[in-house]
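Please look over the sequence and the model shown here before reading on. The explanation below goes through them step by step.

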Amino acid sequence: MATEKTDVVIVGAGAAGGILAAELGRAGMKVIGLERGPRLATKDFAPQDELRFFQRQDLRPNVKRQPVTWRPNTKSRATPIPSQSYGNQAGGGTVHYGAVSWRFHEDDFKVRSHTIARYGASAIPEDSSVIDWPVSYTELEPYYDRIEYEIGVSGKAGNLQGRKIDGGNVFEAPRQREFPLPPLQVDQVGVTFDAATKKLGYHPFSTPRAILSQPYKGRPACSYCGFCQGFGCHIGAKSSTLVTNLPDADATNNFKLITNAMVYHINTDNSGRATGVSYYGPDGSADNTIEAEIVIVAPFVYDSVRLLLLSKTDKFPNGLANSSSHLGRHLMSHIGARVFAAFDDRHINVYMGPSAQKHTIDDFNGDNFDHSKLGFIRGSQISAGPAGLEGGPIASAMNMPPPPGVPNWGEGYRDFFAKYYTRYLAMTGQTEELPYPNQIIDLDPDIRDAWGLPAPRMTYDWRRPNELKRIEFVNEKMLEIGRAMGATHVWRAPSSPGTPGSHHQGGTRMGSNPKESVVNKFGQTWDIPNLFVIGSSTFPTSSGFNPTLTIQALAYMSADAIIKQYRKSPGPLIRA
Amino acid sequence: MIELDEARRAFLLRAALAAVAGAGIGTVPESLAQAQPTQHQHSAQPAVHPHPSSARGFGAFFNDDDAATVAALTERLMPGAPGKPGALDAGVLNYIDLALVGAYFDMQDFYRRGLNSLEAYCQKTHKESFVKLGDARQNEVIAALANGKATEFDWPRPQAFFNTLRTHTVEGMFADPIHGGNKDFAGWRLVDFPGAHPVFSQADMLSKNAFAGDQYIGLQSRAPRRRA
């Protein structure tokens, strides 16, 4: 039996785990990280192979070994989802992500009170479970600044200490200083999108991305090869956790990463304290244990919830940290509305440059527009890039349904795709979803993973009146933009049949009230003070923005609280 | 550089179809036989190669009949034409054949059963194997797969079989040639994708014209770039 003792054990070495490892290690705490997958290096990403990395998802969980199931409602039987969008190695999802790095709006942290103040309580759908975050933008701003400068984010400020700046996102929350790096180079997608949206009176800008526009901290600038979303960066210009926080953690000499280690149980004692974790080793051995003073759970949403449920004991019969019965609830994801534009008068060459969400308008996100006559609340980030967020021909053929009247196979499809592959762009409405208490993750009773553990099961259907109206609104806006571009063909993708999109959030939500939340704003569980959950599972509401930068900012805030408060006085960081 | 013309495609299709035991004129789809009256004389000769799989674009997994069917199916999904490389030109059959003993080894029975069901459906509906139907009939059969109306399927369901065939045809057309398809960059020529260029310049990215680079860059091979 392999048992090790340490100060802190972190489950999952992704965006959150990497930061906590570096920060706690720097503060002199001994940290062991347990990572389900391998630790790869920049040189491993040399093969720029769309089939291997994008299509077959080499950097993501194998859906047969690690199934996650879904059913639209409790009356149906769950089946495994065909692909998963999170990571499966040290660095987590940041290895293959598009590196889109947003700060949330100020009102994203107070959806409930903000909505009631502007539109009245009746504007919030009765069956939703919208609450305010227990943390404000102002409180998180120093940590947003910290992560942007720590790893290198490229962009242009649109709101510098309240001063609005053209060319940046004029809807962004006020930032104290400019981005550390200027925006990435513009391409024909950006030129086309900017011209059309400006003509319509909107405010386009280069999407802030954790991709280096100039050399930074010893790493080179992006070469615009285009093998980006879905791929590890072959030159290390993408600011993934793998090339930023994890090397920093190594440099503390207080961090050890154990790879191919699948944690299956959080151990607790009779006093209700977490004592450590047990994991399966690379050889399948089950008798491996880490004993720790602090246990930090930082994998993806599914596994945070599953691990807490799997770790139930007589003292915690409903799973750990679940005295509220809110564990696994309020699951959200981003619902993708998509519109395509194909041109006869120009090439777009969508395969060039960083691929995900290249240019954006924020005019219809959050509460940046008046909802009073629209019949729904909250909005969507609208961006342009390749279909499937990756520009190779496989991704385009798989993710772009042809326009109405054109078949998706045969001579008609061949001629369409041969003509327009280099002459199209896609727009994505990355749409906020409200939380609903009966959108849940629990344990699948039938399907197990390669370690014999019950698969995480989602019961989820986004097709609620508020979300359906919003999707229609966003699609109409994108069709309008496509027409303003002067495209020959403008068409929309059919909506998904209720399936979850990407960027899952919720499941261990944070709150001010222990009766309706799982953790406090520091990710500390209300029930077990030495057990923390850090990641997008703690988000009470989702925003229309990609979650990673906010996960990272929260990780810095939690690390600060652990170092400055918890270490001196172990116990609840917030008295309920 | 290969010229992707009718004669070339007819040759490729014949090569795949010659796999069928006792291969002869009857194995060539009606439409192709009609379109290429001077070509099918060659295919009347039985295969005599001591290694019957060699140079036919498969040999790792499919039996001769199934190879001929998959070749014909994928060519209907992504048909070749003069100046427009199709599935046969790209070696999509070879891609799928290799994948079924590699990354997709757990889909062997999916293909076996799907192809058996397809044969049963074609026999029931047209009293012929899929490969012997003309283009129009083959298109009708594929449409019946895609819309789920084809009978004789249990598992896989006809739509699932269609979707997988389409996905694997796309992969075989456009994946790097290292995986056994996209032969001589046929798929990339069709759509004008230049491959894994390590750098695109600001001028490349701002251009409204076709990319000016002069090479297709694959993982193990390069070729002068000339669009099909």
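The model is predicted. Chain B has 228 residues, and buried residues make up 56% of them. Among its contacts with a separation of 6 or more, 60% are between residues 24 or more positions apart.

Next comes the contact between the two chains. Chain B contributes 48 residues to it and chain A contributes 39 residues. The area buried between them is about 3700 Å², and carbon and sulfur atoms give 60% of that area. There are 3 salt bridges between chain B and chain A. One pair that forms a salt bridge is B:Arg76 with A:Glu411, where the closest N and O atoms are 3.0 Å apart. The cut-off for a salt bridge is 4 Å between the side-chain nitrogen and the carboxyl oxygen, so this pair qualifies. Between chain B and chain A, 20 residue pairs are in polar contact, counting pairs with both residues at pLDDT 80 or more.

Which elements of chain B give two or more residues to the side that touches chain A? They are α4 (64-77), α6 (92-99), α8 (135-146), α9 (158-174), α10 (186-191) and α11 (202-206) of chain B. Of these, α9(B) gives the most, with 6 residues. Sorted by class, the side of chain B that touches chain A has 28 nonpolar, 10 polar and 10 charged residues.

The largest nonpolar core has 220 residues. The members that touch the most other members are A:Leu34, A:Ile266, A:Ile296, B:Phe62 and B:Phe174, so residues of chain A and of chain B both belong to this core, as a nonpolar core is a set of residues joined through side-chain atoms within 4.5 Å. Helix α11 (residues 548-566) of chain A gives the most to this core, with 12 residues. As for A:Ile266, leaving out residues up to four places away in sequence, its contacts include A:Val277, A:Val295, A:Val297, A:Leu307, A:Leu320 and A:Leu531. Another core, of 6 residues, lies apart from the largest one. Its members include A:Ile124, A:Val130, A:Ile377 and A:Tyr436.

Some details of the backbone remain. In chain B, the peptide bond from B:Trp155 to B:Pro156 is cis, with omega near 0°. B:Pro156 is found in the loop between α8 and α9 of chain B.

In chain A, A:Lys217 has a positive phi, near 50°, although the residue is not glycine. A:Lys217 sits in the loop between β7 (204-206) and α6 (245-251) of chain A. Is A:Lys217 buried or exposed? A:Lys217 is exposed, with a relative accessible area of 55%.

A:Ser325 also has a positive phi in a residue other than glycine, with a value near 65°. The loop that holds A:Ser325 lies between α7 (301-310) and β12 (332-342) of chain A. The relative accessibility of A:Ser325 is 43%, so this residue counts as partly exposed.

Notes:
Residues are numbered from 1 along each chain as its sequence is written. Chains are lettered from A and ligands numbered from 1 in the order in which they are written. This is a predicted model: local features need pLDDT of at least 70, side-chain atom pairs count only at pLDDT 80 or more; totals for chains, interfaces and linings use all residues. Side-chain values use heavy atoms; hydrogens and water are left out. Contact means heavy atoms within 4.5 Å. Buried area is the accessible area (1.4 Å probe) that two parts lose on being put together, summed over both. A polar contact is a pair of N or O atoms within 3.5 Å; within protein, one must be able to donate a hydrogen and the other to accept it, and residues adjacent in sequence count only if both atoms are side-chain atoms. Helices (H or I, at least four residues) and strands (E, at least two) are DSSP runs, numbered from the N terminus. Ala, Val, Leu, Ile, Met, Phe, Trp, Tyr, Cys and Pro count as nonpolar, Asp, Glu, Lys and Arg as charged, and the others, Gly among them, as polar. Buried means under 20% relative accessible area, exposed over 50%, partly exposed in between (1.4 Å probe, protein chains only).
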